[in-house]
Amino acid sequence: MSCHLEVWKPSGRALIALTGHRVTVGKASTNVVQLSDDKTVSRLHAVLENFGRDWSVRDLGSRNGTFVNGERIFAERVLRSGYELRIGNSRLIFWDMERADGTTDDDETETVAIGQFPPRLTPRELEVLVILCRPLVSDNPFPAPASVNRMACELFVTQAAIKQHLQNLYDKFAIPAEGERRVRLANEAIRRAAVTRAMLLGGDASRHEAATP
């Protein structure tokens, strides 16, 4: 199984392949994933464990906690491709390239293939996505998607209108209700090329046609 962590550090981005049955994360040099530059990370902070087809993450009693998609975890959490981990001030994204659309073994082959494409978006939904995702291509090593208030200000609409567009996008991208949904939506939109780097750097979504499958 081809799984890896995309680790964002102040020094830049690193890709770490996940192999074996246990991958520890922490500040100590004995960890597989070393976050020695992050003072908010415990020496032995968290562990990722492999159970056949799946990987899970578990906090090891760290001082500042472990977060999955913005939600602090207090028990073992199974990971899906695109899930974001926050360990201290460090940002890690779990990728499973064999099941990159988040499907399970019970899903039909046809569904997996269709799930690779972005859903059909309205021009306004595309504008919301571009503003949401734009901070993720900044020089900030720990970027966060744009807030509802920021999106409303840039598009000159109410926050209620933005929340409605976001709800439509959550439904179209099948984003679960738990955790930090804006983070998951942004990661999924970029992974499925609903928005491109050129669009995010260009800053004008209205020039692009809505993505279609």
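Cysteine 153 counts as partly exposed, because its relative accessibility is 48%, where buried means under 20% relative accessible area, exposed over 50% and partly exposed in between (1.4 Å probe, protein chains only). Cysteine 133, by contrast, is buried, with a relative accessible area of 0%. The structure holds 0 disulfides, a disulfide being a pair of cysteine sulfur atoms within 2.5 Å.

This is a predicted model, in which local features need pLDDT of at least 70 and side-chain atom pairs count only at pLDDT 80 or more, while totals for chains, interfaces and linings use all residues. Residues are numbered from 1 along each chain as its sequence is written, and side-chain values use heavy atoms, with hydrogens and water left out.

The secondary structure of the chain comprises 6 helices and 11 strands; helices (H or I, at least four residues) and strands (E, at least two) are DSSP runs, numbered from the N terminus. Of the 213 residues of the chain, 46% count as buried. Among contacts with a separation of 6 or more, 51% join residues 24 or more positions apart, contact meaning heavy atoms within 4.5 Å.

Helix H2 (residues 123–133) is largely enclosed by the rest of the structure, because 9 of its 11 residues are buried. Among them are Leu129, Leu132 and Cys133, which also meet Arg182, Leu185, Ala186, Ala189 and Ile190 in H5. By class, this contact of H2 with H5 has 7 nonpolar, no polar and 1 charged residues. Here Ala, Val, Leu, Ile, Met, Phe, Trp, Tyr, Cys and Pro count as nonpolar, Asp, Glu, Lys and Arg as charged, and the others, Gly among them, as polar.

The geometry of two helix pairs is set out below. Axes are lines fitted to C-alpha atoms, for helices over the stretch in contact, and angles run from 0 to 180 degrees between N-to-C directions.

| Helix pair | Axis separation | Angle |
|---|---|---|
| H2 and H5 | 10 Å apart | about 105° |
| H4 and H5 | within 11 Å | roughly 60° |

H4 (residues 159–172) is therefore oblique to H5 (residues 181–191), whereas H2 and H5 are roughly perpendicular to each other. Angles under 35 degrees count as roughly parallel, over 145 as roughly antiparallel, 65 to 115 as roughly perpendicular and the rest as oblique.

In the pairing of H4 with H5, Leu166, Gln167, Leu169 and Tyr170 of H4 meet Arg181, Arg182 and Leu185 of H5. By class, that contact has 4 nonpolar, 1 polar and 2 charged residues.
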